Amino acid sequence: FTIIQLLYEQYNITGIEAFGNDYIARDVVTANRYYDWAVGHYPELDLRKGRICRGDSTNLTSFVPTNAFDIVMTGYIDPIDDPLHLGISDGQKHRQWCKSKNETKQALMKEEQEEMNGWFALWASQMISLVKPGGIVIIESISKPRCEVGDWGGVSKEWWAQAIREYEWDTQLGIDSASLDIIDFDPPTHYNGLQDRYNVKMTKRK
């Protein structure tokens, strides 16, 4: 909803019909109640509510039409907690493994990051499939890899260009590779929790 407000304030865009999903059922209930409230309290936005439902963001195309939306976005991709089941979810212990010179631990940290890369690719692939030709995919608040920043875990800025080729988002799903835009938060120190995060925007060819 914040994005809808910004679009109105910055570009005078109104009449947006919004759809959404969340994996947690109670959050779906909350989102529906809030959006229903907003429709009545912000008549200047001319809000239109589509369907906000429970759904797995890694499997949306099983029940949501492809090539259906002008903009597909997410404010955050939930990382996998301890994807290799190493028992090192604790931040301090994980940092020790990242800094270790032990070859086995280094190999496992590399494998863990590959799992995270695949997880992000699964989310992004679903989003790309849902957006219309000429539409935009936006992924916000992406963390850098956990061994780099000690955050919950994410992918590097450089990974996205590699992913477009590796997962054939350009040839199979229609992403314009030249449209890839890595956007830092401005100002980067506005909120300490965002210092090591960034945003991504991609456009599907018409």
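Is C53 buried or exposed? C53 is buried, because its relative accessible area is 13%, and buried means under 20%, exposed over 50% and partly exposed in between (1.4 Å probe, protein chains only).

This is a predicted model: local features need pLDDT of at least 70, side-chain atom pairs count only at pLDDT 80 or more, and totals for chains, interfaces and linings use all residues. Residues are numbered from 1 along each chain as its sequence is written, and side-chain values use heavy atoms, with hydrogens and water left out.

**The disulfide**

A disulfide is a pair of cysteine sulfur atoms within 2.5 Å. By this rule the model has one disulfide. The bond joins C98 to C147, with an S to S distance of 2.0 Å. The angle about the S-S bond is -75°, and the link of C98 and C147 is left-handed. The two cysteines sit in distant parts of the chain, 49 residues apart: C98 in helix α3 (residues 91-99) and C147 in helix α5 (residues 146-149). Helices (H or I, at least four residues) and strands (E, at least two) are DSSP runs, numbered from the N terminus.

| Residue | Relative accessible area | Class |
|---|---|---|
| C53 | 13% | buried |
| C98 | 16% | buried |
| C147 | 39% | partly exposed |

**The cores**

A nonpolar core is a set of buried Ala, Val, Leu, Ile, Met, Phe, Trp, Tyr and Cys residues joined through side-chain atoms within 4.5 Å. The largest nonpolar core has 27 residues, and F120, I139, I142, W159, W160, W169 and M202 touch the most other members. Two or more residues each come from β3 (69-74), α4 (103-130), β4 (131-143), α6 (159-166) and β6 (197-203). Helix α4 gives the most to this core: eight residues.

Now take F120. Leaving aside neighbours within four places in sequence, F120 is in contact (heavy atoms within 4.5 Å) with I77, I142, G153, G154, V155, W159 and W160. Another core lies apart from the largest one; this other core has seven residues, including Y35, A38, L47 and I52.

**The surface patch**

I3, L6, I71 and M73 make a nonpolar surface patch of about 300 Å². Patch residues have over 30% relative accessible area and no salt bridge; like charges are joined within 9 Å, and nonpolar side chains (Val, Leu, Ile, Met, Phe, Trp, Tyr) within 5 Å. A salt bridge is a side-chain nitrogen of Lys or Arg within 4 Å of a carboxyl oxygen of Asp or Glu. Accessible areas come from the Shrake-Rupley method with a 1.4 Å probe; for residues, only the protein chains shown count as cover. Helix α1 (2-11) and strand β3 each give two or more residues to the patch. I71 is found in strand β3. At 44% relative accessibility, I71 counts as partly exposed.
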